[in-house]
Amino acid sequence: MAKFTVVDHPLIQHKLTIIRDKNASTKVFREVTNEIAMLMAYEVTRDLPLEEVEIETPLAVTKQKQIAGKKMAIVPILRAGLGMVDGILSLVPAARVGHIGLYREHDTLEIVEYFAKLPLDIKDRQVFVVDPMLATGGSAISALKQLTEKYGVDKENITFVCLVAAPEGVKALQEAFPTVNIFTAALDECLNENSYILPGLGDAGDRIFGTK
Ligand code: PRP
Ligand code: URA
């Protein structure tokens, strides 16, 4: 089984409390979501492989490390995943960004796919799929199926990054994609009768974009 990591650094917990508060403004929600994503990127990229390179400092020739291996792609699940992209890019500015647009239909929870635009060489990249919420897991599983079945991305090269996960979603995603590492800032209690995460933070897309 791949890694499941709760990135619970005090700064992240503090910032998550700010955006869980129903009184947080759209501006604050958007800014702090990106800040959390940036802090998580530090941990999420911890296992990136390094290689040795020879460089010259002003005083000596020396062998030092640089990031090696596959180039990165960040793939937000629209809409809410967009809220994490700038934060991650502030740490890895050269990463490519692909987009997968889908939403869960309100009453049936059926996944509706409406957009996909990915880097041409996506199958050769280390892919970080981002979405603030992992609730039932339906959206994440659908996005990962697209990436692997339609675009040829290797399951071993995908990492899923969210802010708040429900145990139900983690279980479903691990069963569907056992090799995918999952990083979350919090593992919450459960889903409510409408499959929203409790205590959660509400509808992430609506809160990031101020649509409700
Ligand atoms: C939210 C969220 C996830 C999904 C999680 O998106 O951003 O994509 O729900 O729920 P699941 O794990 O049960 O699939 P939503 O469907 O509300 O779409 P939106 O971001 O366009 O509002
Ligand atoms: N989608 C959200 O935006 N929030 C939840 O709690 C569950 C799904």
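Ligand 1 takes up the space of the largest pocket. A pocket here is an open set of points on a 1 Å grid over the protein atoms alone, where a 1.4 Å probe fits and protein lies on both sides within 12 Å along at least five of seven lines; a molecule sits in one if more than half of its atoms lie within 2 Å of its grid points. The model is a predicted one, in which local features need pLDDT of at least 70 and side-chain atom pairs count only at pLDDT 80 or more, while totals for chains, interfaces and linings use all residues. Residues are numbered from 1 along each chain as its sequence is written, chains are lettered from A and ligands numbered from 1 in the order in which they are written, and side-chain values use heavy atoms, with hydrogens and water left out.

So much for the ground rules; now to the first ligand. There are 14 residues around ligand 1, and Arg79, Arg104, Asp131, Thr136 and Ser139 come nearest (a residue counts as near if one of its heavy atoms lies within 4 Å). Sorted by class, this shell has 6 nonpolar, 4 polar and 4 charged residues, with Gly counted among the polar ones and Asp, Glu, Lys and Arg as charged. Strand S6 (99-104), strand S9 (133-134) and helix H4 (138-150) each bring at least two residues to the shell; helices (H or I, at least four residues) and strands (E, at least two) are DSSP runs, numbered from the N terminus.

Oxygen atoms of ligand 1 lie 2.8 Å from a backbone N or O atom of glycine 137, 2.9 Å from one of alanine 135 and 3.3 Å from one of alanine 80. On its own, ligand 1 exposes 500 Å², and the protein buries 92% of that (Shrake-Rupley areas, 1.4 Å probe).

Ligand 2 is also found in the space of the largest pocket. Around ligand 2 are Arg104, Met133, Ala135, Ser195, Tyr196, Ile197, Gly202, Asp203 and Ala204, which makes 5 nonpolar, 2 polar and 2 charged residues. An oxygen atom of ligand 2 is 2.8 Å from a backbone N or O atom of isoleucine 197, and an oxygen atom is 2.9 Å from a polar backbone atom of alanine 204. Taken alone, ligand 2 exposes 230 Å², of which the protein buries 89%.

Methods
A polar contact is a pair of N or O atoms within 3.5 Å; within protein, one must be able to donate a hydrogen and the other to accept it, and residues adjacent in sequence count only if both atoms are side-chain atoms. On a 1 Å grid over the protein atoms alone, a cavity is a set of points where a 1.4 Å probe fits but cannot get out, and a pocket is an open set with protein on both sides within 12 Å along at least five of seven lines; lining residues have an atom within 4 Å of a point.
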